[in-house]
Structures are given as C-alpha cells and as structure tokens.
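Here are a few notes to read alongside the model. Keep the 3D view open as you go.

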Amino acid sequence: STLLGGGRTYQQPQQLEGSLCSLYRNVDGKRFEDVSAKAGAHVTEKEGTGEKARVRNVGKSLGVIACDPDADGWPDLFVANDTVRNFFFHNQPTTMQTFPLSTRHLRVLADTVTPVGLYLRLRDRYPNCLLLESSDYHGQQNAFSYLAFDPLARFEVRGQELTLTLPDDTVQTETLTDRHQALARLREFAASFQTEDTGHDFITGGLFGYLGYEAVQHFEDLTLNSQKQPAGQIPDILYSTYRYVIAVNHFRNELFVFEHTLTGEEVDESGLTRLVNLIRNPSLPDFKFQTVGEEQTNQTDEEFLAVLAQGQQHCRRGNVFQIVLSRRFQQGFSGDEFNVYRALRSINPSPYLFYFDYGSFKIFGSSPETQLLIKGRQASLFPIAGTFRRTGHDAEDAALAQKLADDPKENAEHVMLVD
C-alpha cells in the first residue's frame with residue numbers, strides 16, 4: 001500500500017536521504033514488525049522495493065511518511081530507518097499501571113555530617129543503599145551528594161528478560177522480542193510513578209540505578225561477542241525508585257530527608273523521626289578488610305601488548321578516533337567492600353563517586369568529569385582532554401597550556417569528544 005494517501009507526516013530531525021530503510025507495521029501498540037520482506041516497501045520517491053531499500057529524496061523537513069488509518073495518533077504502517085523507528089516505539093503511550101506517591105520531608109543541619117558517615121549509619125538498617133557522592137563542592141553547582149535506600153519498585157533487564165517488581169509486591173516478567181524495547185519499558189516504568197512537586201530545585205526522588213556495558217546492545221545495532229564473558233553475572237540494566245532519598249547540600253551545610261509512600265498507604269508517622277535520629281547518632285560501625293590470595297588477570301602482558309598493537313593499527317587506518325583497551329584484574333578478599341571505596345576516594349582526585357549495594361553484588365567507581373548535566377530543559381556537556389600537573393607558576397602553566405593547545409593528538413581527542 002502507498003503510505004502517502006491520507007497519511008501523516010512526522011517531522012523529525014533525522015535525515016533519511018540515502019539511508020537504509022524498512023517498512024514497519026504496528027503490531028499491538030507495543031511492538032513493531034519489519035514487514036519489508038512480506039510487502040514491498042512502497043513510498044513516493046523511494047527507490048526500489050523488497051526487503052530493504054534506500055530513500056533517494058525525502059525533502060528538507062520530511063522525517064518519515066506514516067499511515068494512521070484508525071486515527072489513534074500512532075502510526076500503523078510507516079517507512080523509516082532504525083533510528084526513527086526507535087523514536088516511534090519509545091514515544092508510545094504507556095500502558096503500565098500508575099502509582100501515585102505522597103512525599104514528606106524534613107530539613108536537618110548537616111555541619112557535622114559526611115556522606116560516608118551517613119552511609120555507614122544507614123546501610124545496616126535499610127536495604128539496598130546507594131551513595132552518589134560529590135567531593136567538588138567549593139561552589140554551588142556541584143554541591144550535592146545523594147543517598148537512596150529502601151526500594152519501592154525495581155526494573156531489571158538480563159539479556160532479553162525483563163523483570164519488574166512493583167510497589168504492590170507483584171512481579172512481572174517479559175521476554176523482549178526486540179532488544180530496543182528495553183529503554184521504552186524503562187520510560188514506561190519511570191512514568192508509572194506520579195510524584196508531588198515539592199518545590200525544590202534538586203533531586204528529591206525518581207529512579208536510581210545503572211546501565212551496564214552490555215546494555216549498549218539495547219540501543220545500538222550491534223551484538224557483543226558471546227565468547228567474551230563479563231566479569232560478573234549482574235543485570236544489564238537495573239533501576240529502582242526508593243522510599244527514602246537524602247540530599248546533602250555541602251555548600252549550605254544542610255540535608256533534606258524525603259520519604260515517598262504510595263498514596264493511600266498507611267504512613268509510618270515515626271519513620272522520618274527514626275531516620276533523623278539515626279543520622280544524628282555519632283557512633284559509626286567499623287569493619288575490617290583484607291586481601292586473600294594472589295591478584296589474577298584475564299590476559300598476560302604479552303597478550304595485552306598484542307591487543308594494543310592491533311588497536312594502534314585501527315587508529316592508523318582511520319577506523320576509529322580512539323580505542324580504550326583494558327584488561328581485567330581480580331583479587332580475593334574478606335571483610336567490608338566499602339573500605340575499598342573509602343580507600344579509592346582517599347587517593348583518587350575525581351570529584352564524582354558512587355557506591356551501589358545490591359546485596360549479592362556491589363558496584364562502585366569514580367569519574368573526573370560530568371558526562372551529561374541536565375537542569376530543567378538545558379543539557380550541558382563538559383568534555384575533558386589534555387591535562388597537566390600545575391607548577392605553581394603562572395608563566396610555566398601558560399607555557400604548558402600552549403603546548404597542549406599545539407598538540408595534534410590533544411586536538412584530535414577534543415574533536416572526537418565534541419563531535
């Protein structure tokens with residue numbers, strides 16, 4: 001069928017001219033089926049039919065041509081490349097149950113409180129404690145650290161298996177027929193929680209969690225090498241919304257404790273009071289940590305040097321801007337993993353650190369830069385490339401800065417990061 005007659009034109013910035021496109025059918029409002037092979041993709045100024053075809057000339061503003069015969073506002077049949085297809089899928093109306101949340105909060109003086117101290121007090125009393133710490137709080141922009149604990153609901157993806165644990169304690173499982181569905185389901189999960197506007201201009205709730213390395217397969221058209229096993233069998237994607245969130249404002253020496261409960265659920269009136277008393281408790285539990293056995297790695301020095309040589313060849317051929325190559329080290333231990341995080345933060349100058357405790361596994365690390373900062377409707381990037389140790393002398397620092405500015409390698413890295 002021709003997709004123009006009576007159809008809709010969806011204005012999208014993606015440029016389809018010259019790109020490989022397919023014909024998609026909306027199966028059930030949640031899934032799109034590629035039907036290019038079943039019915040020749042037929043659209044005005046589309047070159048060729050069959051399983052795949054290329055768009056020759058779609059005009060300046062024409063993003064995709066779609067047909068909406070049942071007038072429900074969502075395309076039932078359309079031609080698009082995979083990037084635009086994912087846009088339609090990701091923006092479909094949610095069908096997930098909604099959970100309205102009520103919020104209470106308290107403000108507490110925090111001139112004697114540290115995020116590490118708070119975490120040590122809370123982790124044995126509340127499950128699944130997460131710490132997001134900022135140590136760069138000499139100004140107001142990066143002045144907040146956050147702790148979240150006592151999850152209300154959980155979103156977990158392992159491979160193509162999705163597991164939802166909802167606030168009413170029901171557990172839903174789904175096998176994703178298309179890996180790209182994962183992010184759409186995550187959006188639905190986030191949208192299912194209706195929260196009150198507390199009037200604060202910082203984080204008071206929402207989703208906390210991570211996207212693992214393997215999660216790239218859920219939003220890029222690639223498949224990782226199945227022969228290379230990950231370090232641990234942990235979820236690709238894991239996010240939760242939490243009953244309690246603590247926001248620590250280091251600049252103002254204050255913290256806010258937020259409690260989120262399901263609307264209509266009986267509220268533990270003394271819950272916030274017990275939590276604040278625990279925050280003010282001066283005693284800190286302390287546990288030891290020690291290594292056991294020898295350090296191990298998944299590659300010998302010779303094997304890793306061979307991989308480095310291959311990476312250099314790809315750079316010289318122009319296949320890539322840059323490759324970050326690494327090998328895995330592992331070390332047996334006994335005791336408290338949080339002491340490793342404390343050691344890391346004591347020797348690492350990075351201003352952003354995290355420690356997530358999921359019971360059966362913990363993940364933690366640090367970053368020297370903000371990858372993406374979103375405030376309101378404004379998104380900011382802060383790419384970092386090319387640094388040197390300050391000398392303490394302005395003239396010498398200026399000379400080193402000029403040397404970096406003249407370095408073709410540093411300039412190439414900036415081009416890569418910004419582009």
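1. Contact here means heavy atoms within 4.5 Å. By that rule threonine 370 touches Tyr352 and Phe382, leaving aside residues up to four places away in sequence. The C-alpha atoms of threonine 370 and phenylalanine 382 sit 6.2 Å from each other, though the two are 12 residues apart along the chain.

2. A word on where this comes from: the model is predicted, so local features need pLDDT of at least 70, side-chain atom pairs count only at pLDDT 80 or more, and totals for chains, interfaces and linings use all residues. Residues are numbered from 1 along each chain as its sequence is written, and side-chain values use heavy atoms, with hydrogens and water left out.

3. Is threonine 370 buried or exposed? It's buried, with a relative accessible area of 16% (buried is under 20%, exposed over 50%, partly exposed in between, using a 1.4 Å probe and protein chains only).

4. Now the salt bridges (a side-chain nitrogen of Lys or Arg within 4 Å of a carboxyl oxygen of Asp or Glu). The whole structure has 16 of them. One of them joins glutamate 133 and arginine 345, at 2.4 Å from N to O. Glutamate 133 is buried at 4% relative accessibility, while arginine 345 is partly exposed at 32%.

5. Aspartate 150 and arginine 243 are both buried, whereas glutamate 265 is partly exposed at 34%.
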